[in-house]
Amino acid sequence: MPEQSSATISRRSYGYLAWFGVAILVIALDQLAKYAITRHFTPGEALPLAPVFNLTLSYNRGAAFGMLNQASGWQHWLFTALALGASGWIAWLLPRHRGQRLFSFALSLIMGGALGNLVDRFAHHGYVVDFLDFHWGAHHFATFNLADSAITCGAILLLLEGYIGKHGHASGNTQ
């Protein structure tokens, strides 16, 4: 068996830590954006930035796109358990799939988004801060945030990775 340098062994053993860094970056950017919005906007205040896009501060007790927003409060614990469970599962998966770049990147985005919204649920007494408001005329899409965007992008990348893997194209696997 050929000798391996300690740097090579370290890259193989700890290469997955970069994926945790991606999740931390998502959390940091999400929280920074939410902090800025809550400091400069009042709930419902909108700043038009494009004909189809506003920054609008809103608070959401539910999940992405306002699902379960009107529930009586139990959804806080459901979404807390889901965020912690999904993040724990992802933390378990990342070291085992560290060479699968697209898969690991997608999982990192999902973990960062889930934990970013979890921070909100505790910092804002069960609410999540939303501020990205896309609309067409008077018809508004549900307001969302960077964490929701990261989760959505991660899910799309997982689907793409599954499609690439199923059809035998390059998957970015370096193992």
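This is a predicted model: local features need pLDDT of at least 70, side-chain atom pairs count only at pLDDT 80 or more; totals for chains, interfaces and linings use all residues.
Modeller: Four strands make an open sheet here, in the order β1-β2-β3-β4, with antiparallel pairing.

Biologist: Which strands stand at the edges?

Modeller: β1 (46-50) and β4 (139-140) do. Each has a single partner strand, so one side of each has no neighbour in the sheet.

Biologist: What holds strands of a sheet together, in general?

Modeller: Strands pair through backbone hydrogen bonds, either parallel or antiparallel.

Biologist: How many bridges join β2 to β3?

Modeller: Six, and the two strands run antiparallel.

Biologist: New topic. How many residues does helix α2 have, and what is its reach?

Modeller: Helix α2 covers residues 17-40, which is 24 residues. From first C-alpha to last, α2 reaches 35 Å, close to the expected 34 Å.

Biologist: Which α2 residues are buried?

Modeller: W19, V22, A23, V26, I27, D30, A33, K34, I37 and T38.

Biologist: And what covers them?

Modeller: The cover includes two strands of the sheet, β2 (53-60) and β3 (128-136). Helices α3 (74-96), α4 (101-123) and α5 (146-166) are also part of that cover.

Biologist: Back to D30. Why does D30 count as buried?

Modeller: Because its relative accessibility is 0%, and the cut-off for buried is under 20%.

Biologist: What does D30 touch?

Modeller: Leaving out residues up to four places away in sequence, D30 touches G116, N117, N145, L146 and A147.

Biologist: Where does A147 come in?

Modeller: Look at the backbone nitrogen of A147. That nitrogen lies 3.0 Å from a polar atom of the D30 side chain.

Note on methods. Residues are numbered from 1 along each chain as its sequence is written. Side-chain values use heavy atoms; hydrogens and water are left out. The expected span of a helix is 1.5 Å times one less than its number of residues. Buried means under 20% relative accessible area, exposed over 50%, partly exposed in between (1.4 Å probe, protein chains only). Contact means heavy atoms within 4.5 Å. A polar contact is a pair of N or O atoms within 3.5 Å; within protein, one must be able to donate a hydrogen and the other to accept it, and residues adjacent in sequence count only if both atoms are side-chain atoms. Two strands pair if DSSP finds at least two bridges between them.
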